[in-house]
Amino acid sequence: LVMFFYGSNGKSDPVSMGNKVEHQAKNQVAYDIHLPTDLGMLYKVRLGLQSSETSISQLSFHHFKMQNTSTLDTFSLTINKTLPLSLNGDRWIEFPVEWPLKEALSVVTYHITVFSRNILTKRNVVHMTACVYGTHGDTGDRSLLWSLENVHQGEDSESFVVAMDAVELGELDKVVLLISSKTDCKLDIKKLHLKEALKDDPIYVFEVNEAFSVDANNPKIQKEIPVSFVIKGDKRKNDIDNNSHIEGSQPGNLTEYTIKVYTGDKRGAGTDANVHIILFGNEDKSEVFQLAQSLEHQDPFERGRVDTFKIMTKKIGSLHSIEIGHDGKGF
């Protein structure tokens, strides 16, 4: 058994449940542990098994009690959950720490939708986990290839949903994938969608678009994926190559986008040419827009400046790419 303690200033290293206190009651085990003094106010505990290799099939937790031996502050919680210990099962339980006069976070179920090409046919030999990071910490490494839901398979694409219980993470920031395999193979992953199971939005989209060559004799492949954009109701946010920022909202049958273009700071980076942009969505593409009327500057696209433009276009669905360019006129 191992535990992680999350505080307002960070999280602890894994705490091994090794120092048992003598004279245990039946079905009750007590431990003495030492936590860093700089963790801050504790708000979450993650409890699980460090290794997936175990002969125990299931382990049931009924109650958890924690007491600071100096201040005698005590936290107590009835859990009544059974931890799946199969090889690909989720091996972690998370719960919030509740203190008087302080509102605790909630435990929520997250749905991770994986869009790929060939993972399902290799799920018996591949082990893939995801660690999701947000403003309230992380989930730890959770398996993505167990208890799959809403499985869809086509000739060149597939998708499936994995449910994950965790203390609410706040705004999501990134996902770290860990991939290993018993045999040499190539896994083609397109993207991940992540949202709370009971809510339609926000949907956090993590674009991957990468084929991973997995070697059975090499260590796990680790891939860090920052959030690409967020779909929230009728609003969409997107960051493109750190150079353009697009926000969309949908009044009526039109979508308004705010486009920020960051012109580089190298010599000759600016242009006097006529700049255009086209937006591409999963339902349609926009018309060609000339980016001429900057909200900040009379002469846009000067070296080292940021120019903001607003455009209105028909609904194009979920934005996935843009074309931006100019006609080559002027300097």
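Buried, in what follows, means under 20% relative accessible area, exposed means over 50%, and partly exposed is in between, with a 1.4 Å probe and protein chains only. By that rule Phe 301 and Phe 309 are both buried.

Some ground rules. This is a predicted model, where local features need pLDDT of at least 70 and side-chain atom pairs count only at pLDDT 80 or more, while totals for chains, interfaces and linings use all residues. Residues are numbered from 1 along each chain as its sequence is written, and side-chain values use heavy atoms, with hydrogens and water left out.

Now the chain as a whole. It has zero helices and 25 strands; helices (H or I, at least four residues) and strands (E, at least two) are DSSP runs, numbered from the N terminus. Of the 331 residues in the chain, 40% are buried. Take the contacts, meaning heavy atoms within 4.5 Å, between residues at least 6 apart in sequence: 64% of them join residues at least 24 apart.

Rings of Phe, Tyr and Trp (its six-membered ring) pair if their centres lie within 6.5 Å; planes under 30 degrees apart count as stacked, over 60 as edge-to-face, and the rest as tilted. There are six aromatic pairs by this rule. Phe 301 and Phe 309 form a stacked one, with 5.5 Å centre to centre and 20° between the planes. Elsewhere, Phe 64, Phe 75, Phe 95 and Trp 99 make up one aromatic cluster.

Next, charges over rings, where NZ of Lys or CZ of Arg is within 6 Å of the ring centre and within 35 degrees of the ring normal. Arg 46 lies over the face of Phe 4, at 4.5 Å from the ring centre. The charged end of Lys 191 sits over the ring of Phe 115, 5.0 Å from its centre.

Where is Lys 191 placed relative to Phe 115 in the strands? Lys 191, in strand 15, is the bridge partner of Phe 115. Two strands pair if DSSP finds at least two bridges between them. Strand 8 (residues 107–116) and strand 15 (residues 185–196) run antiparallel, joined by seven bridges. Strand 15 is also joined to strand 16 (residues 203–214), by nine bridges and again antiparallel. These two form a hairpin with six residues between them, and Lys 191 stands opposite Glu 207 in strand 16.

Three strands form it in the order 23-22-25, with antiparallel pairing. Its edge strands are strand 23 (289–290) and strand 25 (319–326), each pairing on one side only. His 276 is in strand 22 (residues 275–281) and stands opposite Gln 290 in strand 23. Is His 276 buried or exposed? His 276 counts as buried because its relative accessibility is 17%. Its side chain makes a polar contact of 2.9 Å with the side chain of Glu 323. A polar contact is a pair of N or O atoms within 3.5 Å; within protein, one must be able to donate a hydrogen and the other to accept it, and residues adjacent in sequence count only if both atoms are side-chain atoms.

Last, Gly 170, in the loop between strand 13 (158–167) and strand 14 (172–181). Gly 170 is partly exposed, at 33% relative accessible area. Its C-alpha atom is 5.6 Å from that of Gly 134, 36 residues apart along the chain.
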